[in-house]
Structure formats: C-alpha cells, structure tokens
Amino acid sequence: MTLFVTGGAGFIGSEFIRRGISKARIVNFDKLTYAGNPDNLAKVAGHPNYSLVVGDICDPAAVLDALPEGCDALVHFAAESHVDRSILSAEEFVRTNVLGTQVLLDAARHRKVARFLHISTDEVGGDLAPDGFFREDSPVRPSSPYAASKASAEHFVRAAAHTFGLDVVITRTSNNYGPYQFPEKLLPLAISNAMENRPIPVYGDGLQVRDWVHVTDNVRALEAALANGKAGETYHIGGGRPMPNLEVLRLLLRVMEKPESLLASVTDRLGHDRRYAVDFTKISSELGWRPEIPFERGLRDTVEWYQNNAPWVSRCRSGEYRAYYERMYADRESAATRI
Ligand code: NAD
Ligand code: DAU
C-alpha cells in the first residue's frame with residue numbers, strides 16, 4: 001500500500017505516520033511551515049517505507065511530481081490550523097486551506113489516486129447552542145476565518161466527488177490533544193507554561209466548551225475511515241466529554257500539582273465560539289470506532305510526555321527545530337525537495 005500524506009510533519013499527521021509506517025509506504029509532502037517539525041518524525045526518518053518531500057500543496061507542479069501514479073490514498077492533513085493566527089491574518093489560511101486543497105484534488109484525479117481522505121474540523125459547524133451537538137447533516141456555518149477556510153475546502157472536496165466521481169471521505173474531528181502538539185494550542189501551551197511556573201492565559205470567562213479527543217483515538221478513527229468509510233460520506237470524531245476550558249485547566253493543574261493562581265484571565269478571542277461538541281454515532285455504528293482513552297488518563301500521559309521531552313518544547317519555543325530546513329531552503333532552487 002502507498003499513501004501520499006500532506007502535512008505529516010504536524011501534530012496529527014505525524015501521529016498518523018508514526019502509527020502507519022510499518023504497514024504502508026508513505027510519502028510525506030510538507031512545506032515545513034512553523035507548524036511542521038521534522039523532530040516529530042525522528043522515529044521514522046530512517047525507515048525504508050518513509051520519504052519526505054518538502055513542498056507546498058499550492059504548487060501544482062511540485063505536487064504532481066511527488067504524487068505516485070495510482071497510489072492507494074491521498075491523506076490530506078496540511079493546513080494552517082490555529083484560529084488565533086487566522087484572526088490576525090486570514091490570507092495564508094485561504095491560500096493553503098482552500099487553494100491548496102483544490103490543487104490536491106486536481107492532482108489526485110490526474111494521478112488516479114484511489115481515495116482522497118480529507119481531514120476537516122468540527123469548527124465548520126460554528127457556535128452551538130448550550131446543549132447542542134454537531135451531526136454530519138448539521139448546517140455548515142463557520143465563525144472564524146480558519147473555520148471558514150476549512151468549510152470552503154470541504155465544499156471543493158464534495159464538488160470533486162460530485163463532478164468528477166473522485167472517491168472522497170471527509171472526517172471532522174473535535175479538539176485533539178496529546179504528544180507533539182505545537183505549544184501555541186491551549187493544552188501544550190498550558191502544560192509548558194505550568195512546567196516553568198509561568199501564567200496560563202484564559203480567554204474571557206473560560207467557560208467555552210470544547211470536546212477533547214486524544215490524537216491516538218483520532219488517528220484510529222482516520223484509519224477506519226480510510227479503510228472502510230463509504231465514498232462520499234462525512235464522519236464525525238469526538239471524545240464524548242465536552243468540557244469548559246476552566247474545568248480542563250483546573251484538572252490539568254491538579255495533575256501537575258501546580259496552583260490555580262497560574263490561571264490568568266486575558267482579553268477574549270474575537271468572535272470566540274462558546275461551544276463545540278460532536279455526535280459520533282455514525283462512525284461508531286458504521287465503522288465500529290469509539291474513543292478508548294479517558295480524558296484523565298490521556299491528560300496524565302500527555303503531561304508526562306511533555307515533562308520527559310522538555311528539549312522538544314524548548315526547541316519549538318526557540319525556533320531551533322527550523323534551523324536546518326531554513327538553511328536547506330536557502331541553498332536549493334527547486335520548490336519541492338526530496339530528502
Ligand atoms: P498542524 O498545524 O500541527 O500541522 C500542519 C502541517 O501542515 C504542518 O506540518 C505544516 O508544515 C503543513 N503545511 C502547512 N501549510 C502547508 C502547505 N502550504 N503545503 C504543505 N504543507 C503545509 O496541524 P494539526 O493540528 O496536525 O492538524 C492537521 C489537520 O487536522 C488540519 O487540516 C486541521 O485543520 C485538522 N484538525 C485539527 C484539529 C486539532 O485539534 N489539531 C482538530 C480538527 C481538525
Ligand atoms: O475543534 C477543532 C479545532 O480545535 C481544530 O480545527 C483547530 O485546528 C484547533 O486549533 C482547535 O481550535 P481551538 O480554537 O478550539 O483550539 P485552541 O487550543 O486554540 O483553543 C482551545 C480553547 O481554549 C478555545 O476556547 C480558546 C481557548 N484558549 C486558547 C489558548 C491558545 C485559551 O483560553 N487560552 C489560550 O492561550
């Protein structure tokens with residue numbers, strides 16, 4: 001089996017590759033933006049099944065050059081993924097998340113890729129009512145520029161299926177957590193700040209609800225959707241226990257044996273959605289998946305991972321992890337570089 005993975009040097013894509021490398025040949029096509037960290041793939045870098053192509057999904061020639069003819073699947077993780085960054089500037093989100101997805105859809109068609117697995121987000125549904133849950137047929141009404149770009153990408157994926165008969169499956173996941181998550185997102189930021197007794201920023205009243213799913217559970221669901229999902233279908237993936245941010249952070253501080261005085265209220269995110277929560281009945285009943293890692297256990301393991309990998313955190317924070325690739329970019333002229 002040969003898989004073409006985009007964005008495999010990021011948080012979720014790297015978990016997918018670490019888990020899958022012994023079962024499939026994997027080409028990881030990644031631009032290595034600030035979020036793409038080759039350290040995340042140190043365990044597989046020398047594996048004969050693995051290759052990394054440094055390239056931009058918005059570059060059709062680079063994608064076509066790297067995409068093997070007739071490969072079994074294109075698994076599309078690559079995206080700008082951080083909501084706060086999209087509020088500061090949406091341009092790169094439109095480019096990568098929308099244009100990049102369309103480039104990949106065209107390339108998949110030209111190269112006769114058997115299946116296109118598109119990784120989307122529960123955020124395309126926008127703000128939920130206090131007790132609401134997203135279902136696969138809920139309205140798409142994104143509220144942040146990030147979510148708008150992901151919603152738009154989904155439309156192009158469905159259009160490619162409808163117009164050209166491309167075999168596509170879309171997954172929408174809630175908030176992932178676990179090892180190797182870049183310390184700009186809530187949990188890795190809070191863990192790494194708490195490790196240094198630095199304040200943890202709590203946006204607004206901290207009562208926004210998110211539905212946390214461990215990245216390993218999410219990737220198991222992606223594997224199920226890739227292998228057995230029905231063409232043209234969308235599957236929701238969630239953790240089954242939506243919680244307000246403050247509850248999550250208090251639990252975290254108890255696990256880390258740190259004082260609640262580290263919690264620092266800061267100005268709220270613009271347009272901050274109050275609630276996301278995912279109904280994952282469909283993937284459970286059709287594909288037999290459900291989350292297996294209870295939040296408390298996953299959180300303890302995640303804290304332990306960050307504590308045991310302090311050099312990974314400090315290389316992220318200092319930007320050191322990018323140095324080699326920045327030099328390499330400067331030395332090469334070609335847009336895509338096979339390593
Ligand atoms: P991430 O930000 O950790 O990683 C993104 C990866 O994409 C990086 O390796 C980056 O270098 C690469 N990339 C960015 N722009 C690129 C481009 N133009 N060309 C090639 N590569 C590029 O993201 P993540 O948290 O692992 O999320 C992966 C996917 O899952 C995204 O599509 C995201 O929208 C979606 N998602 C994430 C979550 C979550 O909680 N993290 C939840 C639901 C959905
Ligand atoms: O729901 C899925 C989405 O989850 C993914 O599609 C996104 O890629 C991913 O980034 C994530 O988006 P969120 O905005 O929910 O995640 P973030 O970690 O940025 O924030 C989680 C919650 O915590 C949110 O309500 C904002 C809040 N927050 C965040 C940060 C970074 C804080 O209170 N303080 C912070 O410092």
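Modeller: Helices (H or I, at least four residues) and strands (E, at least two) are DSSP runs, numbered from the N terminus. The structure is a predicted model, in which local features need pLDDT of at least 70 and side-chain atom pairs 80 or more, while totals for chains, interfaces and linings use all residues. Residues are numbered from 1 along each chain as written, chains are lettered from A and ligands numbered from 1 in written order, and side-chain values use heavy atoms, without hydrogens and water.

Biologist: Which helix supplies the largest share of the lining of the largest pocket?

Modeller: A pocket is an open set of points on a 1 Å grid over the protein atoms alone, where a 1.4 Å probe fits, with protein on both sides within 12 Å along at least five of seven lines; lining residues have an atom within 4 Å of a point. Helix H1 (11-20) and helix H7 (215-228) each give at least two residues to this lining. The largest share, three residues, comes from H7.

Biologist: How far is an oxygen atom of ligand 2 from a polar backbone atom of leucine 186?

Modeller: A polar contact here is a pair of N or O atoms within 3.5 Å. For an N or O atom in the side chain of asparagine 175, the distance to a ligand 2 oxygen is 2.9 Å. A backbone N or O atom of tyrosine 203 also lies 2.9 Å from a ligand oxygen. For the polar backbone atom of leucine 186, the distance is 2.8 Å.

Biologist: Which element gives the most to the shell around ligand 2?

Modeller: Helix H6 (186-195) and strand E8 (200-203) are the elements that give two or more residues to the shell. With three residues, the most comes from E8.

Terms used
Polar contact = N/O pair within 3.5 Å; in protein donor to acceptor, adjacent residues only side chain to side chain.
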